[in-house]
Amino acid sequence: MFVRLAVNIPSDRTFLYAVPEDMKKDIAVGKRVFVPFGGKKITGYVLETTSVAEIGQIKDIIDVLDNEPLFNEADLNFFRWTADYYLYPLGKALAEILPAGINLRNQRWVSPAAVGDNVAAGDLSGGQRQILNLLHHFPSGLSEEQLKRELKERNISRNIRILEQKGLLAVADRIRKPAVAPKMEKIASLNPEPPRNIRLTDRQRRVVDFLIQAGPVSTAVIGKIFDDAAAVLRSLEKKEILSIRVRDAYRRPEQEARIGIHNRDILLNQDQQAALRDIKHGMAGGRYAPYLLHGVTGSGKTEVYLQAIAEVLKGHGGVICLAPEIALTPQLFSRFMERFPDQEIALMHSGISTSARYDQWRRICKGAIRIVIGARSAVFAPVRNLKLIIVDEEHDVSYKQDDRMRYHARDLAIVKARQQAAAVILGTATPSVQSHFNSRQKKYRYLCLPQRVEDRPLPAVEIVDMKMQKDEKGRPPILSRPLMHALAEALHARKQSLLFLNRRGFNTFLFCPDCGHVFHCLNCSVSLNHHAAEGKLRCHYCDLAVDIPRQCPACRGSRINSYGVGTERLEAEVKKAFPQARVARMDSDTTSASGAHGRILQALERFEIDILVGTQMITKGHDFPNVTLVGVVSADTAMNIPDFRAAEKTFQILTQVAGRGGRGDFPGKVVIQTYNPDHYAIQRVKAHDVEGFYQDEMNIRQPLSWPPFSRMINLQMSSLNREKGREGAMSIAAFARSRCQGTSAAARIDVLGPAEAPIAMIKGRRRWQLLLLGTQSRALHVLVKDILAGAKPKGLEIKVDVDPMNFM
């Protein structure tokens, strides 16, 4: 018996291994195995079993790591499709898709050897002496990775090899245990037919009486209740009164904050009923059924989701519900728990502990959990009998991953639904241009909720031209007079307000007014952001942090000024203007701790916050009836990025944040501050005109053949050497153009670039972009595979972004 494996390496190759006789019964597709690979041992993923080997000498697997498979054939087909479409090695894709921290791996262990003084210090380099000096403090040794971290040096392998040859170091291979493994627990249960006339002590009788009342119980729980429980249990087991067995103990995520609990029956309006009727009809057909559910903010899309899920659960089907932000999951989770109290619901996102994620994955795979809620990675959950996928806020760019495997969860939801003959609902108040286009092309069925529930009005939108606003010193203010007046009115009426600014930190950057020097990151071509609370300048790309300087490093001047505003400074300005108000902030700095999102939103729901300042975390999906005012401090942030979707992103985020206001019994108001009040995106937001904006965008994109009229792949190239990197990028572009010559009109590919990326350097690497546009996805993929298979210029790193959303 043989198995074909994928391993976590940057190659599409798979590998054949033999299965020893005693392991054959344990082998199955979807399990992990431990195998020798080159000079080390690594984890492999079983893709198939076979009785035929194409080659002669084949290595044996060392061990089978899982009792039960982590995925089945249907899951594997989906994972293969994902890796192939996003041009990513399958082994690396599986390592990222499956729960983190579960793999065994080899590590080199370095320890000092017992030697005399026969090696003179002069025979050693400085780096070699550093290694020996460090290991002097660790006589039992360190792993090579630990040595690299301690010495802050990546290239130490050569020095370790030389020291080993000199007899000064001993190097051995060790197996590194996984960070996460199954947790087991002992369960005590009474035997159904215990021996008769057995005499019990008082302590034994108390334990037996407890088990009669409670049923099977963990021995750990019994140990907390009764003294000397271990000895009592051993005696009862010996007397055959009870038995003790071992079972999996599943760890669960920390309890989410309960937010948005309504405790009331909800009657659907006519539009909701029509949408739900259509969705139920699609699900009843047992085939792929895609829907674009376009509902204005506050139109009751979530209620449609919940009733569709209830229909799925009646037939014992499974459901995945995706949300673009971790901040949205507490409210969704609360609504789902309220509606389905008898269902176990899995919560999957990066804020969940690795052990809980692993245990949830295994229970989902067994079919024990039928509802999964989570951020983009939840699309990979191995839900059994999948009947419905919901993608809430489908337009949101957060569904696209920007590093490693650069997948788009919304697009994968469509693929997964098609493969498993399920229904998929793309819900949003602002459909992406791509999804709107697909519904026009009849790829999705279009469902519309044009009114808010209970016929509540959409908020009135006021546009403030910041060119006309000046403070007492003649400078543009952070908060305009109309927005200040609206905040004061909301506070007086005991209503709540949201202030949106998509820029965290205290000031955008610091500069010297004497010589113009701007404090830039040493590793990236961006300015450092001022974080006043921690007294640091911080890079938001590589996380470099430095103390705030007292003088300019260029001219030695002592005047350091700030320019711009971030959420931290906005919070300070609001507190200064309204000292009586309870002001809070929600951004990635204030929500880094586990459960922080939920705590802030819970405080807002309890009316413990008057004004919440935040980034895009506050713009979507939240439903707080007492919020009547929404202020957009700078509508121009997203509009001025170098991206053909800049206007689309601006329209979406402004419409979404505007929709947070007026969702209760009181009308809402939105104040948008901008330097471009006549821009078509701003005007369409004011008029709540989604259809008009869509037509504006189509009229711009169609003549240029930009998506959705074409497909796109972005080759992101980087190098430590600017000149060599530029030459390498030019050679890749020339190769791409040569491969495109002579193709048919239908398979034509336009090669744009290479151009230096807008952020020209990140983490010390110079960056370029090469855009490939064509109408045929297959032709684009063939071209990129040819490029990657060709001779890559030395020192040039190429990362592939299929259907890119970020061009920075």
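Student: What makes a residue buried or exposed here?

Tutor: Buried means under 20% relative accessible area and exposed means over 50%, with partly exposed in between (1.4 Å probe, protein chains only). In strand β15 (residues 371–374), I371 and I373 point one way, V372 and G374 point the other way, and all are buried. The model is predicted: local features need pLDDT of at least 70, side-chain atom pairs count only at pLDDT 80 or more, and totals for chains, interfaces and linings use all residues. Residues are numbered from 1 along each chain as its sequence is written, and side-chain values use heavy atoms, with hydrogens and water left out.

Student: Why is V657 called buried?

Tutor: The relative accessible area of V657 is 0%. The limit for buried is under 20%, so V657 is buried. V657 lies in helix α18 (residues 646–658); helices are DSSP runs of H or I with at least four residues, strands are runs of E with at least two, and both are numbered from the N terminus.

Student: Which residues is V657 in contact with, leaving aside neighbours within four places in sequence?

Tutor: They are F500, T619, V630 and V632, where contact means heavy atoms within 4.5 Å.

Student: How do you know that β13 and β15 pair?

Tutor: Two strands pair if DSSP finds at least two bridges between them. Four bridges join strand β13 (residues 318–322) to β15, so the two pair, and they run parallel. C321 has I373 of β15 as its bridge partner. Strand β14 (residues 345–348) also pairs with β15 in the parallel sense, over four bridges, and L347 stands opposite I373.

Student: What makes the crossover from β14 to β15 right-handed?

Tutor: The term applies if, with the strands pointing away from the viewer, the path from the first strand over the helix to the second runs clockwise. Here the chain passes from β14 through helix α12 (residues 354–366) to β15, and this β-α-β crossover is right-handed.

Student: Why do the buried residues of α5 line one face of the helix?

Tutor: In α5 (residues 157–165), the buried residues are N159, I160, I162 and L163. Seen down the helix axis, they fall within an arc of 165 degrees, so they line one face; the arc is that of the directions from the axis to the C-beta atoms. R158 and Q165, on the other side of α5, are exposed. The buried residues pack against β6 (105–112), α3 (126–136), α4 (144–151) and β8 (169–176).
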